[in-house]
Amino acid sequence: MSRLGDPRHRERRRILRIVGPSVLLTGVLFIVIGTGNFFYSMGTFEPPRYFWCNFVGAPLLFVGFVLTNMGYLGAMARYHAEEITPVGVDTFNTMAHGTKEAMRDVASAVGQGIHAGLTGQAAEATRRCRDCGEENETDARFCRGCGHTFELAVRCPKCGESCEPDARFCDQCGASVA
């Protein structure tokens, strides 16, 4: 019995695999005869006698192609699945590996929010260092893991001098940096 439950499925597939290529080949033969006769008649100055074979061959070619495709559709689908599945799996795994840290951060934030909601306490505010990934308090000026500064110096718009992050006026020229 077939996997699809129809006991005649294999028999129909076998018939399609025989009839389809046969009709396809017949269509090709008619087109070759009609086209060959057309070009042959150009040298003899006689009208082509078998040009009508092209008009019979074209539909036969189409029908034979469709029947052949139907007969081999399952085999083609299995082939495509075997080709596409490893690529899809690799793509998914690469994306999962690349987003692992971000998902961990999201899960941690959700967990902190749930914990804060259950205990009635505010979640502790932290910021992650861009260089080493260490969690630091939001008001920290330097990372406790690598020493990276969180405070970025402000440039004076007038002279370009580097000023303290909390400065309102430039030490060099006195222009407003706020």
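This is a predicted model: local features need pLDDT of at least 70, side-chain atom pairs count only at pLDDT 80 or more; totals for chains, interfaces and linings use all residues.

Visitor: Let's start with Phe-45: buried or exposed?
Guide: Phe-45 is exposed, at 77% relative accessibility. The cut-offs are under 20% relative accessible area for buried, over 50% for exposed and partly exposed in between, with a 1.4 Å probe and protein chains only. Residues are numbered from 1 along each chain as its sequence is written, and side-chain values use heavy atoms, with hydrogens and water left out.

Visitor: Where does Phe-45 lie?
Guide: In the loop between H1 and H2. Helices here are DSSP runs of H or I with at least four residues, strands are runs of E with at least two, and both are numbered from the N terminus.

Visitor: And what about the phi of Phe-45?
Guide: Phe-45 has a positive phi, about 60°, although this residue is not a glycine.

Visitor: Which residues does Asn-37 touch?
Guide: Leaving out residues up to four places away in sequence, Asn-37 touches Pro-48, Arg-49, Tyr-50 and Phe-51. Contact means heavy atoms within 4.5 Å. Asn-37 itself lies in helix H1, residues 9-44, and is buried, with a relative accessible area of 16%.

Visitor: Where is Phe-51, then?
Guide: Phe-51 is in the loop between H1 and H2, and is partly exposed at a relative accessible area of 30%.

Visitor: Which residues make the nonpolar surface patch?
Guide: Leu-29, Ile-33, Tyr-50, Phe-51, Trp-52, Phe-55 and Val-56 make that patch, which covers about 700 Å². Patch residues have over 30% relative accessible area and no salt bridge; nonpolar side chains (Val, Leu, Ile, Met, Phe, Trp, Tyr) are joined within 5 Å, and like charges within 9 Å. The areas come from the Shrake-Rupley method with a 1.4 Å probe, and for residues only the protein chains shown count as cover.

Visitor: Which elements give two or more residues to the nonpolar patch?
Guide: H1 and helix H2 (52-98). H2 gives the largest share, three residues.

Visitor: Switching to charges. How many salt bridges does the count come to?
Guide: Five, taking a salt bridge as a side-chain nitrogen of Lys or Arg within 4 Å of a carboxyl oxygen of Asp or Glu.

Visitor: Which residues form a salt bridge with Asp-6?
Guide: Arg-12 is one partner, with the closest N and O atoms 2.8 Å apart. Arg-8 is another, at 4.0 Å between the closest N and O atoms. Asp-6 is partly exposed at 24% relative accessibility, Arg-8 is partly exposed at a relative accessible area of 48%, and Arg-12 is partly exposed at 41%.

Visitor: What about Arg-144?
Guide: Arg-144 forms a salt bridge with Glu-134, the closest N and O atoms being 3.8 Å apart. Arg-144 lies in the loop between strand S2 (135-137) and strand S3 (154-155), while Glu-134 lies in the loop between strand S1 (126-128) and S2, so this pair ties together parts 10 residues apart in sequence. Arg-144 is exposed, at a relative accessible area of 59%, whereas Glu-134 is partly exposed at 34%.

Visitor: And which residues are joined into one network?
Guide: Asp-6, Arg-8 and Arg-12, through salt bridges that share partners.

Visitor: Which residues form the negative surface patch?
Guide: Glu-161, Glu-164, Asp-166 and Asp-171. For charges, Lys and Arg count as positive and Asp and Glu as negative, with His and the chain ends not counted; each charge is placed at NZ of Lys, CZ of Arg, CG of Asp or CD of Glu. Asp-171 lies in the segment after strand S4 (162-163) and is exposed at 70% relative accessibility.

Visitor: Last one: how far apart are Ser-108 and Gly-145?
Guide: Their C-alpha atoms are separated by 19 Å. Ser-108 lies in helix H3, residues 100-119, and is partly exposed at 37% relative accessibility.
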